[in-house]
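Student: Could you take me closely through a single part of this model, the helix, and show how the rest of the chain is arranged around that part? I would like the confidence of the prediction to come before the details.

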Amino acid sequence: NIVNILWDDEAKVYIAICDTLGISLEAENYDELLQKVIKAAPEMAELKSVECSDLMFCTVTRQYNFA
């Protein structure tokens, strides 16, 4: 299961999204977000009848420059 982690510069929060587990969480710092995901993942996996033995975190960083 891949958990994508993004930074929302406008809201100033990290966002974690995992479509397989139905997770969409946010937190003000990265470590807090990871703890939320680790806590929620087994519960959501059970509700969705999905195997959740491994989580892979994919942190996406994008920078846009405008002329």
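Tutor: Confidence in this predicted model, given as pLDDT (the predictor's confidence in each residue, from 0 to 100), is highest in strand 3 (residues 23–27), at a mean of 96, and lowest in strand 4 (residues 56–59), at 77. For the chain the mean pLDDT is 84, with 88% of the residues at 70 or more. Where pLDDT is low, predicted coordinates should not be read in detail. Because the model is predicted, local features need pLDDT of at least 70 and side-chain atom pairs count only at pLDDT 80 or more, while totals for chains, interfaces and linings use all residues. Residues are numbered from 1 along each chain as its sequence is written, and side-chain values use heavy atoms, with hydrogens and water left out.

The chain has 1 helix and 4 strands, in the order β-β-β-α-β from the N terminus; helices (H or I, at least four residues) and strands (E, at least two) are DSSP runs, numbered from the N terminus. Helix 1 has 19 residues and spans 26 Å from its first C-alpha to its last, close to the 27 Å expected at 1.5 Å a residue, the expected span being 1.5 Å times one less than the number of residues. Within helix 1 there is a kink of about 30° at Ala40, shortly before the proline Pro42, where the bend at a residue is the angle between axes fitted to the seven residues ending there and the seven starting there.

The buried residues of helix 1 are Leu33, Leu34, Val37, Ala40, Ala41 and Ala45, and their cover includes strand 1 (2–8), strand 2, strand 3 and strand 4. Here buried means under 20% relative accessible area, exposed over 50%, and partly exposed in between (1.4 Å probe, protein chains only). Leu34 counts as buried because its relative accessibility is 17%; leaving aside neighbours within four places in sequence, Leu34 is in contact (heavy atoms within 4.5 Å) with Ile5 and Phe57. The C-alpha atoms of Leu34 and Val3 lie 9.8 Å apart, although 31 residues separate them in sequence.

From the side of strand 3, Ile23 is buried at 4% relative accessibility. Not counting residues up to four places away in sequence, Ile23 touches Ala40, Ala41 and Met44 as well as Ala16, Ile17 and Cys18, so the residue at the kink, Ala40, is among the contacts of Ile23. Between Ile23 and Val3, 20 residues apart along the chain, the C-alpha separation is 8.4 Å.

Rings of Phe, Tyr and Trp (its six-membered ring) pair if their centres lie within 6.5 Å, with planes under 30 degrees apart stacked, over 60 edge-to-face and the rest tilted. The pair of Tyr14 and Tyr30 is edge-to-face because the ring centres are 5.6 Å apart and the planes stand at 80°. This pair links distant parts of the chain, with Tyr14 in strand 2 (residues 13–18) and Tyr30 in helix 1 (residues 30–48), 16 residues apart. Tyr14 is partly exposed at 23% relative accessibility, and Tyr30 is likewise partly exposed, with a relative accessible area of 27%. Together with Trp7, Tyr14 and Tyr30 form one aromatic cluster.
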